[in-house]
Amino acid sequence: MKTVFEKTRGCNDMVLSFCGGCGHGIIMRLIAESLDELGVLSRTVLVNGIGCCAPSWQFVEYDSVSVPHGRAPACAAGLKRCNPDKVVYTYQGDGDCGAIGMAETMWAAIRGERITVIHVNNTNYGMTGGQMAPTTLEGQVTTTSPRGRDVALTGLPLHLPEQIAALPGSGFVARVSLYDTARIRAAKNAIRKAFEVQLDGGYSFVEVLSPCPSNWHMSPVAAMDHVRDTLTKEYSLGVLKEWKGGA
């Protein structure tokens with residue numbers, strides 16, 4: 001019998017604690033597969049943020065560090081500088097990466113730290129009750145914007161990849177999504193490329209547009225459709241910055 005599918009060695013057998021229909025499980029698998037294929041599982045370190053990303057360390061078969069809210073890039077930079085042979089990446093939500101951790105996010109990119117940042121954008125604070133995040137869409141209803149986000153009061157949605165791509169220190173920057181099989185494959189390619197860039201000596205950043213059925217009050221299928229039909233209108237998919245070579 002021909003084997004057509006195997007469980008990646010990068011994930012263990014624990015049952016995921018994420019909400020049904022959430023994209024985190026898919027993303028974590030894509031990360032683990034990429035690290036496994038590159039042969040670097042034994043020297044990988046995950047630095048997980050706070051929020052829905054916080055329990056991610058429980059499901060992986062490599063080292064991890066849990067850090068205070070927003071501080072993952074700073075911790076990852078220190079780990080990488082002290083252990084340059086390690087493959088170090090952060091796993092963060094939009095509130096962690098783009099709100100309380102905005103300074104750490106930007107300065108790691110400005111300095112060109114040799115780390116990889118995986119940024120999960122589901123346009124709200126998923127774990128703590130669905131509050132408005134920097135990436136919340138104009139008019140989007142959240143628990144802290146019950147009449148819809150008013151950009152005259154709170155500003156426009158944050159486009160982190162575009163900002164990071166403009167920085168000389170950044171190496172590879174992309175935005176991907178999960179709403180169908182083709183987009184999941186494209187997400188896998190971008191995530192693997194991000195780790196290859198780190199191995200080549202550069203900084204890499206991948207934003208993943210991910211569904212949040214629980215806080216969007218949608219079925220899993222409707223949430224995926226919402227990513228396709230609404231989120232990608234605000235957040236364009238694609239590679240924003242190509243890697244130019246080793247530093």
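Some ground rules. This is a predicted model, where local features need pLDDT of at least 70, side-chain atom pairs count only at pLDDT 80 or more, and totals for chains, interfaces and linings use all residues. Residues are numbered from 1 along each chain as its sequence is written, and side-chain values use heavy atoms, with hydrogens and water left out.

Start with strand 3, residues 87–93. Helices (H or I, at least four residues) and strands (E, at least two) are DSSP runs, numbered from the N terminus. Is strand 3 mostly covered or uncovered? Covered: 7 of its 7 residues are buried. Buried means under 20% relative accessible area, exposed over 50%, and partly exposed in between, with a 1.4 Å probe and protein chains only.

In a regular strand, side chains alternate between the two faces of the sheet. Here, one side of strand 3 holds Val87, Tyr89, Tyr91 and Gly93. The other has Val88, Thr90 and Gln92. Both faces are covered.

Now the partners. Two strands pair if DSSP finds at least two bridges between them. Strand 1, residues 44–48, pairs with strand 3 in the parallel sense over 5 bridges. Valine 45 stands opposite valine 88. Strand 4, residues 116–121, also runs parallel to strand 3, joined by 5 bridges. There, threonine 90 has valine 117 as its bridge partner.

Last, the angles. Most residues other than glycine have a negative phi. Threonine 123 has a phi near 65 degrees. It lies in the loop between strand 4 and helix 5, and is buried at 1% relative accessibility. Histidine 217 has a positive phi of about 60 degrees. Its loop runs between helix 8 and helix 9. Histidine 217 is exposed, at 72%.
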